Amino acid sequence: MTSLTVLDGGIIAIYLLITMVAGVAIRRYVRRVEDFIVAGREMNVYLGIASLAATEFGIVTCMYAAQNGFDKGFAGAVPGLLTFAAMFLVGYTGFCVKPLRDSGVMTIPELFEKKFGPRVRWAAGVVIVLGGLLNMGVFLRMGGDFLVNVAHLDPRYLEVMMTALLVGVAIYTILGGMLSVLVTDFLQFVVMSAGLIVTTFLILGKVGWGALVDAVEVHHGAGGFNPFANPTMGWSYVIFNALLNTAAVLTWQTQIARVLAAKDSATGRKVYTRTSFFFVARWLVPGIWGIAALALLTPEQVPQDSILAMPRMLGMVLPAGLMGLLIAAMLAADMSTDASYMLTWSSVIYNDILAPFRRTKWSEKKGLFWNRTIVALIGVFLLVYGLWYKIEGDAWTYLGITGTIYLSSISTLLVACCYWKRANSWGAAAAILFGALMPVATLILQKVGPWRAWVKENEASCMIAVYATTAVAMIVGSLLKPQPKGSTAGDKP
Amino acid sequence: MTTVLDAILTMLQDHWFWGATTLICLAWYSTVTVYVAIRGAADIRAMLRRLRRGASSTKPV
């Protein structure tokens, strides 16, 4: 069992120092709200790839992907393959992302106002923020759990440690906005990737491919390789993940923020196509770590919560020095994710939810003040919510359900906004309502009521129903609204 | 070298789909990390240069 050495501590301290200095130094380039929210739209392809990859891989990602590897074998990496396919196709065809970036908006709800009116923009902003905040609320504790288990730290210091990390991230995000996020994301991508690659080669060398395959065969049988043969997955799981990941590629705030910050739509599309394969690595690399935990841990060593199996295994196999690199890599992963989540969701609060209060144009100074205040408030929420909410079931499904609160409706609205002339505010309102209420009901029914067991067993089917209902609500609502005489299109032809 | 080739062959024989996906994934990720590290640094320099030029007309807040 490895504990942190001076060498490990040194690697971590140097990484944190460089990140903080770089993040804070960038603040002098922030002069306008557009610089703060979308980096002045100056982001180029490779910086975009580094930023998107770093943001989309946090400790929480590593934890739930490894949990999938431990609980479902190689088949647990299927969501990564689905995301790769969705992102590549969207980037290649420009489906929705091209008209979105070409419109010049800073957030998706801003585009909705052009088609569906200001009320839909506001409502869309509210569900985006609701789904996003519930989603990221669990990041902090899971990150702390990982660090405590890997480095054998005293769990009493978990809250203090994660609070300090969040404060550090908040400082450079509040000061430098998207510009600081992009620059620190770049550093974090390099450190994170080095740690992930070296650790994976070490695990493959120590455990061996044969032992990994044997462990999956013994524990999961054919279902460990084929999602359709896995009793915890099946068709409903695959279809739900295909819908979820396609919707996320189209509308997830942290992903779409890179398209909106890109120099133009062609750059945004290149960022998507060239980052798409990263999502296979995002699931497969931690998945292999989870499978290694399955192969190496004895039944007595397996923790009650399977999400902690991977960090426990890493704590046993990593040598000094590499432990420091891994922790620096995971801190990098977590910091880039936290920073980007705080920033991109605060941009929706500022740009869309506060829009009714900005009828008269605010000065850049006032706009920046409020953006920074909202980022700080989201940081406070992360601390409070992250400390008391307990996830039911596996982490990925919780994130899927909370994400679906807005992914189902906003992706439906986006497709309709870009490609269906007849779409209008009635359909949009109905889609937002159904898309938000059904996942929230699922979350509540998981906790209370006589259907707890049934809901837990049929989560994927419930979520497929949400996507289908949302699409039907958009169509029916739009068709029910009387059209203005002489018009063949929606609210704004 | 022979050991590495043996390991790769084992991965391709034993559940070839996941073996091949893992190999491609690690090769791709290692290459892209180095490439993006170099090109991304150039992107940052260019972005900051453009922002500096644009900043001459606006006052910092």
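How many residues does the contact take from chain A and from chain B? It takes 33 residues from chain A and 31 residues from chain B. Residues are in contact if their C-beta atoms, placed from the backbone, lie within 7 Å. This is a predicted model: local features need pLDDT of at least 70, side-chain atom pairs count only at pLDDT 80 or more, and totals for chains, interfaces and linings use all residues. Residues are numbered from 1 along each chain as its sequence is written, while chains are lettered from A and ligands numbered from 1 in the order in which they are written.

**The side of chain A that touches chain B**
- Helices α3 (45-55), α10 (158-207), α11 (209-220), α15 (278-296) and α18 (364-388) of chain A each supply at least two residues of this side. Helices (H or I, at least four residues) are DSSP runs, numbered from the N terminus, as are strands (E, at least two).
- α10(A) gives the largest share, eight residues.
- By class, this side has 22 nonpolar, five polar and six charged residues. Ala, Val, Leu, Ile, Met, Phe, Trp, Tyr, Cys and Pro count as nonpolar, Asp, Glu, Lys and Arg as charged, and the others, Gly among them, as polar.

**Chain B and burial**
- Chain B has two helices and zero strands.
- Of its 61 residues, 21% count as buried. Buried means that 20 or more other C-beta atoms lie within 10 Å of the residue's own, with C-beta atoms placed from the backbone.
- In α3(A), eleven of the eleven residues are buried, so this helix is largely enclosed by the rest of the structure. Among them are A:V45, A:Y46 and A:L47.

**Helices α1 and α17 of chain A**
- The axes of α1 (residues 6-25) and α17 (residues 322-353) of chain A come within 7 Å and cross at roughly 30 degrees. Axes are lines fitted to C-alpha atoms, for helices over the stretch in contact, and angles run from 0 to 180 degrees between N-to-C directions.
- α1(A) and α17(A) are therefore roughly parallel to each other (angles under 35 degrees).
- Residues making the contact include A:L7, A:I11 and A:Y15 of α1(A) and A:L325, A:A328 and A:L331 of α17(A).
- This contact has twelve nonpolar, three polar and one charged residues.

**Confidence**
- Chain A has a mean pLDDT (the predictor's confidence in each residue, from 0 to 100) of 87, and 95% of its residues reach 70 or more.
- Within chain A, confidence is lowest in helix α21 (residues 452-457), at a mean of 77, and highest in helix α5 (residues 78-93), at 96.
- Over residues 488-493 of chain A, the pLDDT is below 50.

Definitions and conventions
Parallel < 35°, antiparallel > 145°, perpendicular 65-115°, else oblique. Contact = placed C-beta atoms within 7 Å. Buried ≥ 20, exposed ≤ 12 C-beta atoms within 10 Å, placed from the backbone.
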